[in-house]
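Have a look at the structure first, then read on.

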Amino acid sequence: MALVSQTGSAHRIGVESVRRSGGFMAFKLCTHMESLKMKENLISASSLSYSSGNLADGLRIDSARMRSKRGGRLIVATGAPAEEATVATQPLTKEDLVAYLASGCKPKEKWRIGTEHEKFGFQIGSLRPMTYEQISGLLNGLAERFGWEKVMEGSDIIGLRQGMQGISLEPGGQFELSGAPLQTLHQTCAEVNSHLYQAKAVAEEMGIGFLGIGFQPKWRREDIPMMPKGRYKIIENYMPKVGSLGLDMMLRTCTVQVNLDFDSEADMIRKFRVGLALQPIATALFANSPFTEGKSNGYLSMRSQIWTDTDNSRTGMLPFVFDDSFGFEKYVDYALDVPMYFIYRKKKFIDCSGMSFRDFMAGKLSPVPGEFPTLSDWENHLTTIYPEVRLKRYLEMRGGDGGPWRRICALPAFWVGLLYDEVSLQNALDITADWTPEERQMLRNEVPITGLNTPFRDGLLKHVAQDVVELAKDGLKRRGFKESGFLNEVTEVARTGVTLAEKMLGLYNGKWGQNVDPVFEELLY
C-alpha cells in the first residue's frame, strides 16, 4: 500500500472482504477512511471530496488556488483541471487507482443527489447562437448580481462557482449547472429553480433565451462558436479521427444527468448494472431531440444516437460490468486502455490525444518523458470517458436528453427511486437479470429511433418502462420525503408511450407547418 503524507501523518485505507450472493468477492471501504493511499507528497482536500458534477469535465477549484479581488468580486485565477503543486515522488500503481475509486464509498446516511443540466442559450430576436462575448457578459452579470465567483482561463471567463455549485460552458457554449450534492429531490428542484431565475434575470435583459432540448434543432455545426478553453481545442482536433459525430456531440447536444453514491464495491456493482440495463428506458422516457437543422431527423433522441459514432473506445454499454469478476479493478483496467486527451502542466494543456495512460504510469508519455502521473491526472482522465453510466467516486447516469425544467427534476427522481431504495434496486436487478448482452445492446441501438415503442421480447419497451417507473415511485415513497410527485410527467409518458419528441414532431407536422422555429418558444425556460 502506498501512503499519503498529510500534515506529517501517514493514513492507510482499511478494507474488509465481504461475500455476496453473486459468488464474487467485493471489498467494502471502511466508513471511517480519511485519505486515499497515494505515492504523492500532497493531495488537495477538494480532489478527494464528493463532487456532484464534472464542472466542465475536469474543472476543479480549491483553496490553494491563487485568488484575487477585482471590483469587489472574487475571481478564481484559473479554470484549468486540477494540477497539484507537487510532483509524484514514486510512480502510481494500479492499486492506487483502484483505491481512488474505492474512496467514494460512503454510508447510506451520507448519500447525496448531484444533478447536472445543460441548455442552449440563443438570441431571442434571431434565434442565433450566443457569441462568446454575450456568454462572457452573461457570466459576468451573474457574478456581479448574485455573488458567484468567476472562473478564468487566462483572460477569458469560462465559468462560475458558488459553494458546491458550478456553472460551466460546454464546447458550443451550452450553459451547464453542476448542482451541489443534496439530500432530497425537493432541494434539487429548488436549486434548479433558483438557477433558472438568476440566469433568466440577467439573460432577458440581454435579449437571450434558454432552450431545453437534447439536440440543437436549427443551427449548423459551423454556425456555433467553440468556447475558448484549451482542452476543447485538443478534443476538437482528435474527434474526427475516431468517429463521424464527435463534433456534433461537442457543439450540438444537451443532457440532464444525475450523480449518485454507493456504500461499497458490491453496492456499486449492483447500481452500475441496473443503471446500464435500464439506461435505454431512461433515454426513451426523456427523448427530446427529433430535429436537425430545421427538419425532422428520423430520431426521437438524436443526442443518444450521436454517441454511437463519437469514439467507441470511450463510450457504450460496457458489457464487462455484468461479468462475475467486475469491480473497481476491472473498471480501472478499462479506463487505462481508453486513449488519453491531454495533461495539464504549467498552466497549459499538453496534447496527448491517442496516447496511453499505461505508458504515462511507466514514465514513457512522449510529451513529458520520465514524468509520472499524479492523482489529478487520473481524475482528469476519468472525466474523458463517456459510457452510458460512468464511474468516478460516484456513478453518473448519462442517458437523458435535455428538456424542460420539470424533466430536470424528474430525471434524478427516476434514478433515486430505483437506486437509493433497497427494495426497488433488488426488484430492478430481478427484472433485468436474464437480459442478454445482445438484448441490452439492441435496446441501446433501437431506442433512439423508436423510443418506448421499441419491440422487446413479447411486448413493447413501454410495458417494461411502466413497471420500472412504478418501482421508482415506490422507492421514492419509502424514502419518506414525499418526492414521488416528481415522476408524474414521466409516469404519463410511460403510460401512453408518447415521448416529448413525438409531441414536438406532432406540432412540427401540424400546427407549426414543418417550421422548427416555434420549438424555441415551446421549450423555452
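**Cysteines and rings at a glance**

Cys409 has a relative accessibility of 3%, so it counts as buried (buried is under 20% relative accessible area, exposed is over 50%, and partly exposed is in between, with a 1.4 Å probe and protein chains only). Keep in mind that this is a predicted model, where local features need pLDDT of at least 70, side-chain atom pairs count only at pLDDT 80 or more, and totals for chains, interfaces and linings use all residues. Residues are numbered from 1 along each chain as its sequence is written, and side-chain values use heavy atoms, with hydrogens and water left out.

**The disulfide**

- Cys409 pairs up with Cys189 in a disulfide, S to S 2.1 Å (the cut-off is two cysteine sulfur atoms within 2.5 Å).
- The two partners come from distant parts of the chain, 220 residues apart: Cys189 is in helix 4 (residues 185-205) and Cys409 in helix 12 (residues 405-419). Helices here are DSSP runs of H or I with at least four residues, strands are runs of E with at least two, and both are numbered from the N terminus.
- The Cys189 and Cys409 link is right-handed, with 85 degrees about the S-S bond.
- Cys189 is buried too, at 6% relative accessible area.
- The count of disulfides comes to one.

**Other buried cysteines**

- Cys254 is buried, at 0% relative accessibility.
- Cys352 is also buried, with a relative accessible area of 0%.

**Aromatic pairs**

- There are 21 aromatic pairs (Phe, Tyr and Trp rings, using the six-membered ring of Trp, with centres within 6.5 Å; planes under 30 degrees apart are stacked, over 60 edge-to-face, and the rest tilted).
- One of them is Phe120 with Trp219, edge-to-face at 6.2 Å centre to centre and 85 degrees between the planes.
- Phe120 sits in strand 7 (residues 113-123) and Trp219 in the loop between strand 12 (208-211) and helix 5 (230-238), so this pair ties together parts 99 residues apart in sequence.
- Both Phe120 and Trp219 are buried.
- Phe357 and Phe360 make another edge-to-face pair, at 5.6 Å centre to centre and 70 degrees between the planes.
- Phe357 and Phe360 are three residues apart in helix 10 (residues 357-361), which puts about one helical turn between them.
- Ring pairs also join Phe272, Phe320, Phe326, Tyr331 and Tyr334 into a cluster.

**Charges over rings**

- Arg440 lies over the face of Phe322, at 3.5 Å from the ring centre (the rule is NZ of Lys or CZ of Arg within 6 Å of the ring centre and within 35 degrees of the ring normal).
- Arg314 lies over the face of Tyr341, at 4.0 Å from the ring centre.
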